Amino acid sequence: DNSFILKLNNGGEHFQFTIKIWRERQLNQNDYKEQFSYGIYFGIIIFVFLLNLFIFVIINVRSSFYYISYLVFLGFLQLSLSGHGTELFWTESIYFANHANPIFASISVWFLLKFSQSFMQISEFLPKWNKWFNWTSYALLLNFLIAFIPNPLMYKISIFGVNGITLALNFLIVPVAIIIIRKGFKPARFFLVGFIILILSVFIFIFKNFGLIPPSFITEYSLQIGSGFEVILL
């Protein structure tokens, strides 16, 4: 019998590693389905980006700028997570391939936070909460800079930092949106629904990584499905 020894280092990130043995035809069919699914997802991201870019050019609203910037970096984050970024863009940079996840995650969450503040007019409706969100945005920028440092400890700090901040924002933004809706700002309802869908997809992804729910198409692509619905609603 042939024996294989694998040593895996996730660098502080949670992940689930499975081994499957396929025939060549099965492998090609699975790869086709996977690439087709990613094509739909990135097509949605590009379409929504172009639509909002057009809106920004026409009305020149700050929240639109934050949103199209969020879409750009969300797209690059998903390219990094799926491996397409290393395959297509930073093919020769091992350093950037190792650091792209926390870099793009930090800056995409930063733009999403600034969009949330601007779109829901948090500074007007909830000025005290807005100060907390400002401090959170500073923490995200600091984490963004830490993610560039070529040091294993700094990498782990950046990974845990962006995950912790994102988790905290998930629990903070939902009640803020509810309060603002009650104050009469009806567009916040779309924001609330989109964010709840995103939060559910994140939790499904995390539960799958911890082995609490079995792998399936929904669990494997929960982040793409959730963020796809979110960008359409927002």
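Helices (H or I, at least four residues) and strands (E, at least two) are DSSP runs, numbered from the N terminus. Keep that numbering in mind as we start at Gly184, which follows helix 7 and has a positive phi, near 105°.

Before going on, a word on the source. This is a predicted model, where local features need pLDDT of at least 70 and side-chain atom pairs count only at pLDDT 80 or more, while totals for chains, interfaces and linings use all residues. Residues are numbered from 1 along each chain as its sequence is written, and side-chain values use heavy atoms, with hydrogens and water left out.

Now colour by pLDDT (the predictor's confidence in each residue, from 0 to 100). The protein averages 85, and 94% of the residues score at least 70.

Next, select residues 152–182, which form helix 7. Its 31 residues reach 46 Å from the first C-alpha to the last, close to the 45 Å expected at 1.5 Å a residue (the expected span is 1.5 Å times one less than the number of residues). At the N-terminal end, zoom in on Asn151, the cap of helix 7: a side-chain oxygen lies 2.9 Å from the backbone nitrogen of Leu153.

For the contact (heavy atoms within 4.5 Å), show side chains including Trp129, Phe133 and Leu140 in helix 6, and Ile157, Gly161 and Leu169 in helix 7.

Which helix comes within 9 Å of helix 6 and spans residues 94–119? Select helix 4: its axis crosses that of helix 6 at roughly 160°, so this pair is also roughly antiparallel. Residues making the contact include Ile107, Trp110 and Leu113 of helix 4 and Phe133, Ser137 and Leu141 of helix 6.

Last stop: helix 2 (residues 62–82) and helix 10 (residues 222–233), packed at about 165° with their axes 12 Å apart. That makes them roughly antiparallel. Among the residues that meet here are Tyr67, Tyr70 and Leu74 in helix 2, and Leu223, Ser227 and Val231 in helix 10.

How values were computed:
A polar contact is a pair of N or O atoms within 3.5 Å; within protein, one must be able to donate a hydrogen and the other to accept it, and residues adjacent in sequence count only if both atoms are side-chain atoms. Axes are lines fitted to C-alpha atoms, for helices over the stretch in contact, and angles run from 0 to 180 degrees between N-to-C directions. Angles under 35 degrees count as roughly parallel, over 145 as roughly antiparallel, 65 to 115 as roughly perpendicular and the rest as oblique.
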